[in-house]
Each structure stands twice: as structure tokens, then as C-alpha cells.
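I opened this structure for a first look. My notes follow in the order I checked things.

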Amino acid sequence: WRLHAPLIAEINRLKRAKNAVILAHNYMTPEIFHGVGDFVGDSLALAKEAARCDAEVIVQAGVHFMAETSKVLSPEKKILIPDLDAGCSLASSITGADVRLIKQRYPGLPVVTYVNTTADVKAETDICCTSANAVQVVEEAARMWGVDRVILIPDEFLARNVARQTHVGIIAWKGRCEVHERFTAEDILEIKAAYPGAEVLAHPECPAEVLEVSDFAGSTAAMNDYVISKRPKQVVLITECSMADNVAADAVGTEFVRPCNLCPHMKRISLQNIYEALLYDRYEVTVDPAVAERARLAVQRMVDLPP
Ligand code: 13P
Ligand code: SF4
């Protein structure tokens with residue numbers, strides 16, 4: 001990524017001139033992640049940082065729902081996304097109207113919503129979660145509402161994987177991550193046969209059969225921590241491709257075995273369009289203030305949970 005040094009230097013200069021920060025998700029390419037990201041991490045870490053930082057402008061190097069989450073938490077800041085079409089199959093799997101219908105069907109049950117959703121959906125939500133804290137949030141919601149079942153939407157696989165780790169009953173939706181749903185248990189068994197020493201870490205958006213044959217399941221931050229603290233000789237990250245590229249830079253001595261899948265939405269973000277975002281102040285992400293106020297409650301409840 002050092003080949004991009006002139007553009008990286010120009011982006012970093014513009015950031016200072018505009019009092020801007022770049023929040024970069026773990027799925028950004030290394031030249032973004034290591035070259036210009038001021039804060040890097042998983043969805044939970046980026047949401048917390050958006051609320052905490054005191055920049056005037058946030059450039060979201062990630063997908064649209066992440067930029068909306070930043071706006072919801074920081075309505076006074078200007079939130080830019082370098083490409084408005086950076087979407088997400090999970091976020092587009094459900095609407096606010098769908099959530100209203102689910103609530104009519106299950107009155108009295110709390111709605112726990114994965115952050116990979118639009119602000120409209122979050123506005124119908126009681127508390128948000130990410131893959132890093134989903135079990136904790138589900139149990140907390142059941143306790144706070146005094147119920148033994150919760151609605152956990154929209155990722156069908158995340159819901160199933162959380163259900164295996166808690167006694168709280170889970171009502172799910174049918175959304176899927178188009179990157180993680182493509183991994184199969186056969187893929188993992190083939191990797192294990194070819195690389196018997198490799199440790200397999202899988203994201204909870206994968207099908208349950210994949211997690212069953214993996215050695216560890218966790219969010220992108222949890223995978224990073226696992227590799228950095230345990231330094232396995234060989235590792236496979238069953239997730240988006242840039243994840244391994246980014247962790248590898250800090251994990252000398254660990255061999256990263258592929259395969260991986262690319263997220264076409266995350267890959268819309270490039271150094272060039274980050275530069276243009278800062279130069280031309282584009283594309284600003286706005287959320288209807290009434291929607292944002294309701295969505296904020298749900299995201300803030302998550303952010304305020306103890307670590
Ligand atoms: P996390 O970084 O929270 O694990 O989320 C992964 C993801 O798919 C984000 O779009
Ligand atoms: Fe959405 Fe999956 Fe891409 Fe993340 S990796 S943005 S969950 S489609």
C-alpha cells in the first residue's frame with residue numbers, strides 16, 4: 001500500500017484541513033485501513049468512535065448503514081460516504097414496515113436489531129446489537145423486558161448462532177449476508193484436510209454448519225484479537241478477503257490460508273473516492289431527524305452496555 005503514498009499524503013492533509021476523521025471498517029483494503037484510517041475496527045468499535053470523536057466531519061470508509069449509524073449518534077457532524085451505492089444485503093432485507101408487522105405479531109417482545117440495518121429499521125427497534133455483543137444484548141433485552149423470547153433481526157444465521165449460545169428463545173427474520181452465506185461446511189472440511197494445522201475462525205454471519213466445523217466464531221474484531229494474542233502458525237479467516245490482508249500486517253509469522261469472499265459493497269470504497277469525498281464534501285448522509293431520534297435510543301442502549 002506504500003505505492004499509494006502521494007494520494008495517502010493528500011488525504012491525510014485534507015483531513016487535517018477539514019477537521020475530519022476516517023472511520024475504516026476491517027473490510028477496507030489495506031491502503032485505506034493502514035494508510036488513512038484514523039479509527040479502524042468492527043461495526044461496534046466504529047459506532048462507539050463515531051459517538052465519541054470530536055471531528056466536524058466523519059468519512060465513513062465502510063457501507064451506508066455504518067454512515068447512517070454515525071449520523072444517528074452524531075447528528076451535529078457532517079457524515080460523508082465516498083460511494084452512496086455501498087449497500088448491504090442484510091440492510092436491504094428488511095424495512096421499517098416489516099418490523100412493524102413483526103411487532104404486531106409478537107406484542108410485548110423486545111426487538112433486537114443487528115446494526116446492519118437502515119435507520120428506518122433501527123427506529124422501530126428497542127436495542128441494537130453487533131456480532132460482537134449479540135448474545136449479551138439478547139440476554140439483557142430478555143432481562144429488561146422480563147420475557148423469555150426476543151425478536152432478533154434481520155440475519156437468519158446470526159440469529160441461529162446466537163440461539164445456540166443462550167436459553168432465550170429467538171424469533172428470527174430471513175436476511176442473509178451475501179458474503180458469509182456462501183461458505184459451506186464442505187469448504188471448511190476441505191481446508192482442514194489440505195492444511196491440518198490451520199485454525200479456522202469464522203464470522204457468525206456464516207451458516208451454523210460452518211461454525212460447527214470451525215475452531216472459533218467471532219466478529220471481525222474478535223478474529224483479529226484471536227490471531228494477535230494466539231499467533232497461530234496457520235489460520236483461515238472465513239470472512240471478507242481484506243480482513244486477512246489487514247490482520248497479516250500485524251501478525252508476522254502467521255500464514256493466512258485462503259479462501260475468502262469479497263464484499264462488492266465494501267469494495268466500492270477506494271482511496272480515490274475517499275480523496276474526492278474530502279475534496280468535494282460528498283456524499284453527505286442525512287437521516288430524517290424524527291427517525292434519527294428514535295433510532296438513536298436503540299443504538300445508544302447498545303453503546304451504553306458495559307464492555
Ligand atoms: P463486524 O465487523 O461487526 O464483525 O461485522 C461484519 C460485517 O459484515 C460488517 O458489514
Ligand atoms: Fe453486508 Fe455482508 Fe457486505 Fe457486511 S460483508 S456489508 S454484512 S453484505
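I began with helix α1, residues 5-18, in what is a predicted model. I count 14 residues in α1, and its first and last C-alpha atoms lie 20 Å apart. That is close to the 20 Å expected at 1.5 Å a residue. Just past α1 I found Asn 19 with a positive phi of about 50 degrees.

I then looked up Arg 231, which is not a glycine but has a positive phi of about 45 degrees. I placed Arg 231 in the loop between α11 (220-230) and β11 (234-238).

I went on to the cis peptide bonds. One joins Ile 153 and Pro 154, with omega at about 0 degrees. Pro 154 sits in the loop from β7 (149-153) to α8 (156-163). Another joins Arg 282 and Tyr 283, where omega is about -10 degrees. I traced Tyr 283 to the loop between α13 (271-280) and α14.

**Helix packing.** I followed the chain into α14 (residues 289-303) and checked how it packs with α4 (residues 64-73). The angle is about 95 degrees and the axes are 9 Å apart. I therefore noted α4 as roughly perpendicular to α14. On the α4 side I listed Thr 69, Lys 71, Val 72 and Leu 73. They meet Ala 292, Ala 295, Arg 296 and Val 299 of α14. By class, this contact has five nonpolar, one polar and two charged residues.

Where does UniProt place the feature "binding site"? Its unreviewed entry gives Cys 88, Cys 177 and Cys 263. They span 176 residues in sequence, but no two of their C-alpha atoms are more than 9.3 Å apart, so they gather at one spot. I found Cys 177 in the loop between β8 (169-171) and α9 (185-194).

**Ligands.** How many residues surround ligand 2? I have 13, and the closest are Cys 88, Ser 89, Cys 177, Val 179 and Cys 263. The shell of ligand 2 divides into seven nonpolar, three polar and three charged residues.

Cys 177 turned up again around ligand 1. Among the other residues there I noted Asn 26, Asp 42, Ser 43, Asn 116, Thr 130, Glu 205 and Thr 220. The shell of ligand 1 has three nonpolar, seven polar and two charged residues.

Methods. Residues numbered from 1 in each chain as written. Chains lettered and ligands numbered in written order. Predicted model: local features only at pLDDT ≥ 70, side-chain atom pairs only at ≥ 80, totals over all residues. Axes fitted to C-alpha atoms, helices over the stretch in contact; angles between N-to-C directions. Helix = DSSP H or I, 4+ residues; strand = E, 2+ residues; numbered from the N terminus. Parallel < 35°, antiparallel > 145°, perpendicular 65-115°, else oblique. Contact = placed C-beta atoms within 7 Å. Nonpolar A, V, L, I, M, F, W, Y, C, P; charged D, E, K, R; others polar. Expected span 1.5 Å × (residues − 1). Near = placed C-beta within 6 Å. UniProt positions renumbered as here; feature names shortened; annotations may be inferred.
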